[in-house]
Amino acid sequence: MNATEDFAERKAIRARLREIRDKQREEMEARRKEREARAEDHVKKKFLQAEEQKRRTMEAYSKQGPTHERESSYQSFTENMIQEKQKMADADKAAKMAAYSSTKTTVGPGGETITTSIVTERTPVGTVSKKVVEKTGPGSAPGGGAKPAEETARELTEQLMRASGPGVRGQITVKTESWNSADGKVEKSEKTQTWGAKPQGAKGAMAAFKQMDKSANPAPARPNGLLAVSLAKKAATTMRRNAVAIKQELLYFCKMNTQEYEEVEITNFSTSWNNGMAFCALIHHFYPHAFDFQTLDPKQRRKNFTLAFDTAEKEGDIAPLLDVEDMVRMKTPDWKCVFTYVQSLYRHLKDHPNNKAVSAEQ
């Protein structure tokens, strides 16, 4: 690139160099992904082999018989104990199911036959028990002692509500049939009534859960306007202080690494860099073999900018964020552009062994 002074040719050369670097990066990324894929396949293969070995070991262990008389006795005792516990659990379950689904027949005070049936059903909302009571046979009229279905249903509902736990609900149907021996009339009555938890409405369980959640997680208080403004001002002040600190650190880095160059004095990020000598001094400090600094002329600004940017790109792989033509055209460079490029130089060169800023701090 230094062999030509033509701007178009130099621009084409820089574009070609970028293409080559991009291609190299793509090839390196492809090789990295290939290595990761091979490593992942290797780990997966190891895992499958370990699982297969585990399965074989467990299968061989399960087929292996007792190797000692004591071990055989212990194994038999354990198996018998497990079987006994299973039998007891099955019997207990059968007894509970019988208690929940049973039929009982009794004789009432009027000679009528009372049949009570309790049926347990599983529903999407849980287990629901239904109790059906039927009265048949001779008796007296409703006024003679036999209770009508409505009164019997109310009494049974109260008993079930007292005996059941919270949240349990059900439905009973009571059918009564009485025969009056005086006139031979048969009177029938039927009453269906629900008991236990009421159907969930707007103020049911869902509302209760919402109320509990609201109590456990109260709504955050509305921010105070003055407090928000105060916090924003503090944040802005902190950001300004951090920016100033970063600028001072970068200036210190540049000064410490260019102090042996008498032609260069860096005090800011604008006019101190307008002839390219500061860039050349900073790059030459880290790569002194790249060019002879003593031969440079501050009046040859284009040559200085080109030499500094190309050397940084070639030796340190630092992208030229500044354009040579823009720097030559501006007598007072934009400090933000220079600051950005100097930041890139700092990130690439801060760990370089020639960094005097680190040595001075230590």
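Sorted by class, the residues lining the largest pocket come out as six nonpolar, six charged and three polar. This is a predicted model, so please read everything I say as computed from it. The pocket has a volume of about 360 Å³. Its lining comprises 15 residues, and those nearest the centre are Leu17, Asp310, Thr311, Glu313 and Lys314.

Which elements give two or more residues to that lining? They are α1, residues 7-63, and α7. Of the lining residues, six come from α7, which gives the most.

That brings me to the second topic, the packing of α7 against α6. In general, a pair of packed helices is described by two values, the angle between the axes and the distance between them. Here, helix α6 spans residues 277-286 and helix α7 spans residues 301-316. Their axes come within 8 Å and cross at roughly 30 degrees. Angles under 35 degrees count as roughly parallel, so α6 is roughly parallel to α7. As for handedness, the crossing of α6 and α7 is left-handed.

Which residues make the contact? On the α6 side they are Met277, Phe279, Cys280 and Ile283. On the α7 side they are Asn304, Phe305, Leu307, Ala308, Phe309, Thr311 and Ala312. By class, this contact has nine nonpolar residues, two polar and no charged.

Definitions and conventions
Residues numbered from 1 in each chain as written. Predicted model: local features only at pLDDT ≥ 70, side-chain atom pairs only at ≥ 80, totals over all residues. Heavy atoms only, no water. Axes fitted to C-alpha atoms, helices over the stretch in contact; angles between N-to-C directions. Helix = DSSP H or I, 4+ residues; strand = E, 2+ residues; numbered from the N terminus. Parallel < 35°, antiparallel > 145°, perpendicular 65-115°, else oblique. Left-handed = near helix turned anticlockwise from the far one by under 90°. Contact = heavy atoms within 4.5 Å. Nonpolar A, V, L, I, M, F, W, Y, C, P; charged D, E, K, R; others polar. 1 Å grid on protein atoms, 1.4 Å probe; cavity = no way out; pocket = protein on both sides within 12 Å on 5 of 7 lines; lining within 4 Å. Points joined across faces, edges and corners; volume = space filled by probe spheres on them.
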